Amino acid sequence: MVDRTADASGSRAERRERATADTRSAIVAAARERLLADGYANLSTRAVAEAAEVPLSQIHYHYGSKLQLILAVLAAENARLLDRQRTMFDAPEPLWVRWELACDFLETDVASGYVRILQEMIAAGWSDAEVAASVREMVGGWYRLLGEVARREEKQGADLFGFTPE
């Protein structure tokens, strides 16, 4: 739901920017909720607008299409999870402890619906090059993160047993 009683301080442009960000956040949250409940094939932008308590036109204004909206949902979730992983892998614990935590996170991500959304978008990418490119970039973020971790561990003396960090 969009908070229409938000702080009225700041310039008109700043208030408009905050309102736009609030509306976009409400739409993404509602789209995620509806996507988990209905799946990609049955997702309705009208149902998303109702859940976000915004006019349907706002979805099309901010995202253009159902597909762009779902890619925004996936991108937001992916960025949040990559930040979580990066923070975890930057912790001082031994790598095996951090790896076990990463495996626990996977269970959480499956339960949260993120993996389902990702798989649905991978499937949609089979017939849509734009979706495929977006999903490939998001998944690439995970490979880059793991490559960074492996390079850092190798510099600290870890034996990669003939494998490269990449």
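This is a predicted model: local features need pLDDT of at least 70, side-chain atom pairs count only at pLDDT 80 or more; totals for chains, interfaces and linings use all residues.
1. Leaving aside its neighbours within four places in sequence, aspartate 109 is in contact (heavy atoms within 4.5 Å) with Leu81, Arg84, Tyr114 and Val115. The residue sits in helix α5, residues 95-112, where helices are DSSP runs of H or I with at least four residues, numbered from the N terminus. Aspartate 109 is buried, its relative accessible area being 7%; here buried means under 20% relative accessible area, exposed over 50%, and partly exposed in between, with a 1.4 Å probe and protein chains only.

2. Residues are numbered from 1 along each chain as its sequence is written, and side-chain values use heavy atoms, with hydrogens and water left out.

3. Salt bridges, each defined as a side-chain nitrogen of Lys or Arg within 4 Å of a carboxyl oxygen of Asp or Glu, come to a count of 11. One of them joins arginine 116 to glutamate 120, with the closest N and O atoms 3.0 Å apart. Both of these residues belong to helix α6 (residues 114-125), where they are 4 residues apart, about one turn of the helix. Arginine 116 counts as partly exposed at 37% relative accessibility, and glutamate 120 is likewise partly exposed at 22%.

4. Another salt bridge links glutamate 137 with arginine 144, and its closest N and O atoms are 2.9 Å apart. Glutamate 137 is partly exposed at 49% relative accessibility, as is arginine 144, with a relative accessible area of 44%.

5. The side chains of glutamate 33 and arginine 34 also meet in a salt bridge, at 4.0 Å from N to O. Glutamate 33 is partly exposed at 46% relative accessibility, and arginine 34 is partly exposed at 21%. Elsewhere, Arg32, Glu77 and Arg80 are linked in a network of salt bridges.

6. Alanine 132 is found in helix α7, residues 129-155, and is buried, with a relative accessible area of 18%. Although alanine 132 and isoleucine 122 are 10 residues apart in sequence, their C-alpha atoms are 6.6 Å apart in space.

7. Finally, arginine 18 lies in helix α1, which covers residues 12-38, and arginine 18 is partly exposed, with a relative accessible area of 31%.

Terms used: Helices (H or I, at least four residues) and strands (E, at least two) are DSSP runs, numbered from the N terminus.
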